[in-house]
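Here is a short briefing on one protein chain. Keep the sequence and the 3D view open while reading.

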Amino acid sequence: MTSPSFAELDALPTEELRELAFTRAREHLDVRFFWSLLKRLPDSENASELDGAPNTIGPIVDEAVALFREFEGHGYGDQEPVLRAKFIDYLQKHR
């Protein structure tokens, strides 16, 4: 089974890219991926102030997932091109 090319991934809707990338990141327990996305979301200014101490990791991931659930079915605003690029890049790097 071959991995999708950039063109194939780019042809997918943003929400489908998000679902694929989230599934892959969950499989790899990739907190960094979720954190990098959290910082890109609108209204995430406060998130960049969190210290990232080990006892705050659980709430950070929970908050990131909750934020993305809120975005499901909604527009991503001005950040959509950046988020699409991150989803595609992640999917290509983690085949």
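This is a predicted model: local features need pLDDT of at least 70, side-chain atom pairs count only at pLDDT 80 or more; totals for chains, interfaces and linings use all residues.

The chain holds 5 helices and 0 strands. Of its 95 residues, 29% count as buried.

**Whole chain**

- Read from the N terminus, the order of elements is α-α-α-α-α.
- Take the contacts between residues at least 6 apart in sequence: 77% of them join residues at least 24 apart.

**Helix H2**

- H2 spans residues 14–27, which makes 14 residues.
- From first C-alpha to last, H2 reaches 20 Å. That is close to the 20 Å expected at 1.5 Å a residue.
- Which residues of H2 are buried? They are Thr-14, Leu-17, Arg-18, Ala-21, Phe-22 and Ala-25.
- These residues cover an arc of only 130 degrees around the axis, so they sit on the same side of H2.
- Just after H2 comes Leu-29, with a positive phi of about 50 degrees.

- Asp-30 belongs to the loop between H2 and helix H3 (31–38).
- Asp-30 is buried, yet it has no salt bridge.
- The nearest side chain of opposite charge is that of Arg-32, 6.3 Å away. A salt bridge would need a side-chain nitrogen within 4 Å of a carboxyl oxygen.
- Setting aside neighbours within four places in sequence, Asp-30 contacts Ala-25, Tyr-90 and His-94.

**Phe-6, in helix H1**

- Phe-6 lies in helix H1, which covers residues 6–10.
- Is Phe-6 buried, exposed or partly exposed? Its relative accessibility is 47%, so Phe-6 counts as partly exposed.
- Where does Phe-6 make contact beyond residues up to four places away in sequence? It touches Ile-88 and Gln-92.
- Phe-6 and Ile-88 are 82 residues apart along the chain. Their C-alpha atoms are separated by 7.2 Å.

How values were computed
Residues are numbered from 1 along each chain as its sequence is written. Side-chain values use heavy atoms; hydrogens and water are left out. Helices (H or I, at least four residues) and strands (E, at least two) are DSSP runs, numbered from the N terminus. The expected span of a helix is 1.5 Å times one less than its number of residues. Buried means under 20% relative accessible area, exposed over 50%, partly exposed in between (1.4 Å probe, protein chains only). The arc is that of the directions from the helix axis to the C-beta atoms. Contact means heavy atoms within 4.5 Å. Lys and Arg count as positive and Asp and Glu as negative; His and the chain ends are not counted.
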